[in-house]
Amino acid sequence: MISQPSRHCTVELQALPSRIGQVRRIISAQLRFWHLDPLIDQAALGVTELLTNVHRHAQPDKQCTVDIELLLERLTVSVSDHDPRIPTVNRASPFDTSGRGLALIAAVSESWGVRPRGETGKSIWFTLPAPPAALALSQRPVYGATTDGPFPGTEFGALDGAYRPATARSFVVA
């Protein structure tokens, strides 16, 4: 039985150098929203390395999907692309300027791996342990940074979960 619902975020993109920084900022903002600030540096580093690998090596295209999911006490970050070739960890010399991506992911993560997706691609994933304080936060639906809910003039009742009329206001749920 799962005692806490999962939190999930997906970003689809072309792995171009200009997009990697944007995705890193999106992932960082999402982790801040989930109160997982201590994981931002490791997750951003891992996403950067995986997207760079897609940009440099993936064939036939650079289209990929980044998924982050917090389930129970683990944050899982994965990047899926359309290239079925499985990457290998390289032993880079001290003077090499590339070839350390998967080794870096192995060093900063709790675990990592590759899931083949038939002949249509693969997913490379890594996990990070979530800090206990983030797991204790109460869950409630959020529909946007400046809206009260799915319909104007309603808000989510913190105690009973019911929707009721509300006064107009703007706020950021943290």
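This is a predicted model: local features need pLDDT of at least 70, side-chain atom pairs count only at pLDDT 80 or more; totals for chains, interfaces and linings use all residues.
The chain contains 4 helices and 7 strands. Read from the N terminus, these elements follow the order β-α-α-β-β-α-β-β-α-β-β. Of the 174 residues in the chain, 36% are buried. Among contacts with a separation of 6 or more, 60% join residues 24 or more positions apart.

Two packed helices are described by the angle between their axes and the distance between the axes. Helix α1, which spans residues 17-33, packs with helix α2, residues 40-57, at an angle of about 150°, and the two axes lie 9 Å apart. Angles over 145 degrees count as roughly antiparallel, so α1 is roughly antiparallel to α2. The crossing of the two helices is right-handed. On the α1 side, the contact is made by Pro17, Ile20, Val23, Arg24, Ile27, Ser28, Leu31 and Arg32. The residues contributed by α2 are Ile40, Ala43, Ala44, Val47, Thr48, Leu51, Thr52 and His55. By class, the residues of this contact comprise 10 nonpolar, 4 polar and 2 charged.

Cys9 belongs to strand β1, which covers residues 7-14. The relative accessibility of Cys9 is 12%; because buried means under 20%, Cys9 is classed as buried. With neighbours within four places in sequence left aside, the contacts of Cys9 are Gln30, Trp34, Val66, Asp67 and Ile68. Cys9 and Ile26 are separated by 17 residues in sequence, and their C-alpha atoms are 9.7 Å apart.

Pro129 is located in strand β5, residues 122-129. Its relative accessible area is 41%. This value falls between the limits of 20% for buried and 50% for exposed, and Pro129 is therefore partly exposed. When residues up to four places away in sequence are not counted, Pro129 touches Leu39, Glu73, Arg74 and Glu110. Between Pro129 and Ser111, which are 18 residues apart along the chain, the C-alpha separation is 9.6 Å.

In summary, helices α1 and α2 pack at about 150° with a right-handed crossing.

Terms used. Residues are numbered from 1 along each chain as its sequence is written. Side-chain values use heavy atoms; hydrogens and water are left out. Buried means under 20% relative accessible area, exposed over 50%, partly exposed in between (1.4 Å probe, protein chains only). Contact means heavy atoms within 4.5 Å. Axes are lines fitted to C-alpha atoms, for helices over the stretch in contact, and angles run from 0 to 180 degrees between N-to-C directions. Angles under 35 degrees count as roughly parallel, over 145 as roughly antiparallel, 65 to 115 as roughly perpendicular and the rest as oblique. A crossing is left-handed if the near helix is turned anticlockwise from the far one by less than a right angle, and right-handed if clockwise. Ala, Val, Leu, Ile, Met, Phe, Trp, Tyr, Cys and Pro count as nonpolar, Asp, Glu, Lys and Arg as charged, and the others, Gly among them, as polar.
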